[in-house]
Amino acid sequence: GLNFSERTLSSDGYEMNFAVNYLGPFLLTELLLETIKATPKARIIQLASATQEVAKLLLDDLHLENNNWSMLASYAQAKLCVIMHGRDLAARLEGSTVSINCLNPGYIHSNIGRYAKGPERVFNILFGRLAAPTWVGGERIIATALDSKYDNVSGKFIYEDMFIEPNPLALDDVNVASLMTLSRQLTGLAETDKGQQVRG
């Protein structure tokens with residue numbers, strides 16, 4: 001993950017915070033999905049963020065080209081989309097032994113703000129001292145992957161080690177379906193008549 005404090009575009013012309021924090025994980029998961037489904041009791045863990053609580057979903061402007069861009073707005077929307085993808089996957093994986101959950105590992109000391117400038121860089125320096133050590137986030141990720149308390153749990157948003165409801169926007173099935181269609185278009189995925197994901 002990363003956070004740019006200036007609006008930056010990828011080589012595909014996609015807003016970078018959205019591309020790295022959502023589109024990349026979306027595409028990787030979809031391309032690996034058939035292999036994952038062939039692995040009994042596999043668990044998919046997508047990393048979310050507390051910022052999803054304040055996110056807005058701009059389906060007509062996911063790259064924030066025509067709306068007021070900010071580091072928080074772009075990052076929060078990307079993490080909201082992660083949770084929405086998780087809900088879609090949970091529905092598609094229902095009846096299988098594969099689970100999918102979204103985890104906010106907490107406010108963890110990391111280099112996610114390595115490209116921050118100006119006020120964001122000052123914030124990272126000052127408040128970074130309050131962040132939990134990296135190993136705390138690592139332990140939460142490992143627990144979500146291995147702990148028996150998550151057996152048969154799927155489609156949930158885990159806030160550190162508690163189940164909570166995500167942003168109401170993520171619970172709207174129409175929003176989720178629209179985002180999935182757009183995500184497949186943006187990443188070059190297409191649906192076959194059988195509903196399987198293929199590149200093309």
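**Helix α4, its sheet and a few buried spots**

Biologist: What do the buried residues of α4 pack against?

Modeller: They pack against β1 (43–47), β2 (99–104) and β3 (157–159). Buried means under 20% relative accessible area, exposed is over 50%, and partly exposed is in between, using a 1.4 Å probe and protein chains only. Contact means heavy atoms within 4.5 Å. Helices (H or I, at least four residues) and strands (E, at least two) are DSSP runs, numbered from the N terminus.

Biologist: And what sort of model is this?

Modeller: It's a predicted model, where local features need pLDDT of at least 70 and side-chain atom pairs count only at pLDDT 80 or more, while totals for chains, interfaces and linings use all residues. Residues are numbered from 1 along each chain as its sequence is written, and side-chain values use heavy atoms, with hydrogens and water left out.

Biologist: OK, which residues of α4 are buried?

Modeller: V136, G137 and T144. They cover an arc of only 100 degrees around the axis, so they sit on the same side of α4. That arc is taken from the directions from the helix axis to the C-beta atoms.

Biologist: What's on the face turned away from the buried side?

Modeller: Exposed residues: T134, W135, I142 and L146.

Biologist: How do the ends of α4 compare with the span it should have?

Modeller: The helix covers residues 134–146, and its 13 residues should span 18 Å at 1.5 Å a residue; the end C-alpha atoms are 19 Å apart, which agrees. The expected span is 1.5 Å times one less than the number of residues.

Biologist: How does α4 run relative to β1?

Modeller: At about 150 degrees, with α4 lying across β1, β2 and β3. Axes are lines fitted to C-alpha atoms, for helices over the stretch in contact, and angles run from 0 to 180 degrees between N-to-C directions.

Biologist: Now the sheet. What's the strand order?

Modeller: β1-β2-β3-β4, four strands in an open sheet with mixed pairing. The edges are β1 and β4 (162–164), each pairing on one side only. On average, neighbouring strands here are turned by 35 degrees against each other, direction ignored. Two strands pair if DSSP finds at least two bridges between them.

Biologist: How many bridges join β1 to β2?

Modeller: Five, and the two strands run parallel. L47 stands opposite L103 in β2.

Biologist: Switching to D88: where is it, and is it buried or exposed?

Modeller: D88 is in helix α2 (residues 71–92). It's buried, at 15% relative accessible area. α2 itself is mostly covered, with 17 of its 22 residues buried.

Biologist: What does the D88 side chain pair up with?

Modeller: R92, through a polar contact of 2.6 Å between the side chains. That term means a pair of N or O atoms within 3.5 Å; within protein, one must be able to donate a hydrogen and the other to accept it, and residues adjacent in sequence count only if both atoms are side-chain atoms. Leaving aside neighbours within four places in sequence, D88 is in contact with V176, M180 and R184.

Biologist: And the loop between β1 and α2, how does L57 sit there?

Modeller: L57 lies in that loop and counts as buried because its relative accessibility is 15%. Not counting residues up to four places away in sequence, L57 touches several residues, among them L62, L80 and M84.

Biologist: What about E53, which residues is it in contact with?

Modeller: Y159 and N167, leaving aside neighbours within four places in sequence. E53 lies in the loop between β1 and α2 too, and at 46% relative accessibility it counts as partly exposed.
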